[in-house]
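Hello,

Here is the structure I promised to pass on. Please look it over alongside my notes below.

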Amino acid sequence: MFKKTLSCYPWCKVAVLAILLIVGAVYALPNLYGSDPTIQINKSIYFNKKNIDEIYLVLTKNNTNNIKSIAFKKSSMVLRFSSIDSQLRARKVLSKKLSSKYSIALNLIPDTPRWLSYLHARPIKLGLDLSGGVRFLLKANMSAIYDNFQRKNIQFLSNDLKVKKITYKKIYLTGKHAIRTSFKNREYYFKTKKYLSRYRGIRIVANKKFNYIDIFPNEKKLNILEKSAIKKNLIILRKRMNQFGVMNIVIQRQGKNKILVELPGIQNSKKAKEILGSTATLQFHSVIAILKNKSNFHPSIQDHLQIQYTRQHQPILVNKNVIFDGSHIKNAIAIKDNYNLPQINITLDRSGGALMSQFTKHHVGTLIATSLVEYKDVLNKFEKSETIINIARIQSRLSDNFQITGFKNFDKAYEMSLLLRAGTLSTPVKIIKESIIGPTLGMKNIKTGVTTCLLGLILSVFFIIFLYKKFGLIITSALVGNLIFLLDIMSIFPNATLTMSGIAGIVLILSVAIDANVLINERIKEELLVGKGIEQAIEEGYQKSFSSIFDANVTTLIKILILYTVGSSSIKGFAITTGIGIITSTFTSIVCTHIIARLIYSHSRSQKLSI
Amino acid sequence: MFLISLVFILASFIIIIACSFNWGIDLTGGVKIEIKMEKSFTLSKVRKLLHREKIKNFSLRESKYDKRIIIHLQNKIKKHIDAQKYLNKRILKKLESPNNRSIVKSIELIGPSVGKNLIQNGLTSIILALVFVFVYINFRFGFYLALGAISSLVHDLIITVGLISLFQIKVDSMTFASLMSVTSYSLNDTIVHYDRIRENFQRNKSEDAYYVINLSLTQTFRRTLITLGITLIVVTVLLFFGGPAVRNFSLTMLFGVLVGTISSVYIAAAIALSLGLSHNHVTAAK
């Protein structure tokens, strides 16, 4: 394990250690700087000078000073403010005065000085419980859910009425999501009314004058529908955010049809907004004809046909019937094909594969259109917009694996694949409020908690020095190094977020590290008692205690690995922090103290060991 | 010694069934109240008021965006209207003063912020972890010692959970971290003892198992006490001065560390011994 080179000064080792420590300290520095409230202004293409002047004008005209700094990056402009108040004032002004071609997003971004960020030094990502974040309030539009539900019921109703030999004039869905059945004959009207009164789960409004009956689902049924739709949305939003790489989010239902989403400060909150609100899904239709001219055809003549447009505004006549839709997509991966063009490799689930296979069996040689369906928010109503992004000829019978092309660039294809993977929202949602929120635990509580941690650390350091004297000093420096390295690695690790659970893990790690050193020191004392020389006692102390430290740390690592793989996201945070901590503590407690101890005590003439 | 432990374990089960747990707001959801105060109001005043009203399990945040205070309360109010009456009666009237009125901006029921399967997930991970740990200890120290280690860990978990129930410590996403830290500490302790036992077995090939174990435990006793002492210093400081943020964690750790040390010393090896540990069963060290 350790070579018995008792008589050479380990200078080079110490030098390496010192360099590591300095580098570590530098990379841990960003954590001392706080975060700034910022506004991110985005345009869909690059900013030109005119845009910048326009924005400056708006800002200066309205006395929104207190801008700390302005930074430019491709198509976004980031304004940093010195306080949240000035950020919010600026936001009010900007959203009123700037045209809608700009999109504005709030954020909290760390304030790392330029020379540090040049070195890629970053502060640790803090979880929502420790730092503030961005909060979105989403409202779900239930119309689609109600309509779908009622449409199914229309089927049942018309079948039932046929069986009962009741003829009706019309059955249709009203704008208020009611099934309206109108009658010519008053006798049928009464018969139906009586028959319907037996049913639970519905509420009837009957109009005697005009002979029609409106059927609404009752309150209980509505609640069930709402609850399940929102629940499904929660799951999918969570999946989306995870795909997007944001860990440590809070997503919960608020009220009847609202969803609360909280994200810790992330770099691109505009992206987050897009991902949250996106209702995009794919639908596949069979193509009847590619039209040269729109006016050649009136789609209302044939009930099952519809005109959709490509991105280049070319009209395509398609069959309204959807072969299958995005909900059957099991997996979607964006890749570049042989010509470096972006495409998405789609894998369908079994039922989707069956549908695809059934369709393509009878339609080899015909065209199939991939249609991107989105619900755009227009004046408080959701409008369905369908754009054909791809038309392909069916070469052979396809089943559950195929590719779609027709994307603007690879980024768009990648985003689409993320959304497809996470699933389609059961109802479209709209962001109705965006704000900056403080940490869950409260700033004061966090400060108290962290200061007491340090206090506890200092007290234990005193205890250690009192107990082990000079060796105690060595242990203390190793502990400090441990914390610094832990902070560094956590800053660099992309997935690592520090939460309150993570701090619990750090307390554990410190106690394990101290324990390791206590073991070593006690062993050294034992060896001294047996009568061995100083250098030998040190060596044997380290060597003999190594096996127990090793075993203990391995078992803890095993537990951590299992927690990381199996656990949910908050458990993962604890696992990452503790896992990294164990590695750093093994390194600092054993290797570092060993090197320092040998440095001090090699060739030393003293007979006594200050331990 | 076993008898005492068994009594404690039984007591834990009874307590858990009787007192149940104090579920945190993360897991249950509740009511969200947004209040706008005319003049700005400090969070600590609101917190004190809520404490005085004996409302536990709330979370208080400030939304600087619109100068509002957001309170998440945990309670069993199902209907919107009742929530408003309740709120008015207990909280608003006390917050208001003639020159500082409050406007309730919204009251809504909110769902839990953590998935319901947190507990299920946690249990599965713990059980899996115990299995793997058992395999490793078996490989390094032998079957009987592995059994002893696992029983000591299970003992710690049950008693700590019982104590959580007894003292009604809030159970939320951080509880899991506390429990894991407790088991890791206890496991660490146990392995240190085991290592010494293994070493002594190798040295004294002819001695009786009881003697060897006793010797090992005595030898490591000083180290056990020192580590326990240092950890207790940190945990006690956190408990008394750490504020509400760390209180649950530090209390759990306090109990857990004590229980864990006792179990490592008195239970782990003792179980192995009573099951018939002898020299051949301890595998050779690396």
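Chain A and chain B bury about 6100 Å² between them, and 63% of that is on carbon and sulfur atoms. Buried area here is the accessible area (1.4 Å probe) that two parts lose on being put together, summed over both. The contacts involve 72 residues of chain A and 70 residues of chain B, with contact meaning heavy atoms within 4.5 Å. On the chain A side, Asp551(A), Lys559(A) and Ile562(A) lose the most area to chain B, together 10% of what that side buries.

This is a predicted model: local features need pLDDT of at least 70, side-chain atom pairs count only at pLDDT 80 or more, and totals for chains, interfaces and linings use all residues. Residues are numbered from 1 along each chain as its sequence is written, chains are lettered from A and ligands numbered from 1 in the order written, and side-chain values use heavy atoms, without hydrogens or water.

Six salt bridges are counted between chain A and chain B. The criterion is a side-chain nitrogen of Lys or Arg within 4 Å of a carboxyl oxygen of Asp or Glu. One of them pairs Arg222(B) with Glu522(A), with the closest N and O atoms 2.8 Å apart.

Next, Leu118(B). This residue lies in helix H5 (residues 118-141) of chain B; helices (H or I, at least four residues) and strands (E, at least two) are DSSP runs, numbered from the N terminus. Leu118(B) counts as buried because its relative accessibility is 11%. The cut-offs are under 20% relative accessible area for buried, over 50% for exposed, and partly exposed in between (1.4 Å probe, protein chains only). Leu118(B) touches Ser568(A), Ser570(A), Leu27(B) and Ser173(B), leaving aside residues up to four places away in sequence. Its C-alpha is 9.3 Å from that of Asp172(B), 54 residues apart along the chain.

Now the cores. A nonpolar core is a set of buried Ala, Val, Leu, Ile, Met, Phe, Trp, Tyr and Cys residues joined through side-chain atoms within 4.5 Å. The largest has 102 residues, and Tyr468(A), Phe471(A), Ile538(A), Ile137(B) and Tyr194(B) have the most contacts inside it. Helix H12 (residues 500-530) of chain A gives the largest share of this core, 15 residues. A second, separate core of 45 residues includes Leu98(A), Tyr102(A), Phe149(A) and Ile436(A).

Best wishes
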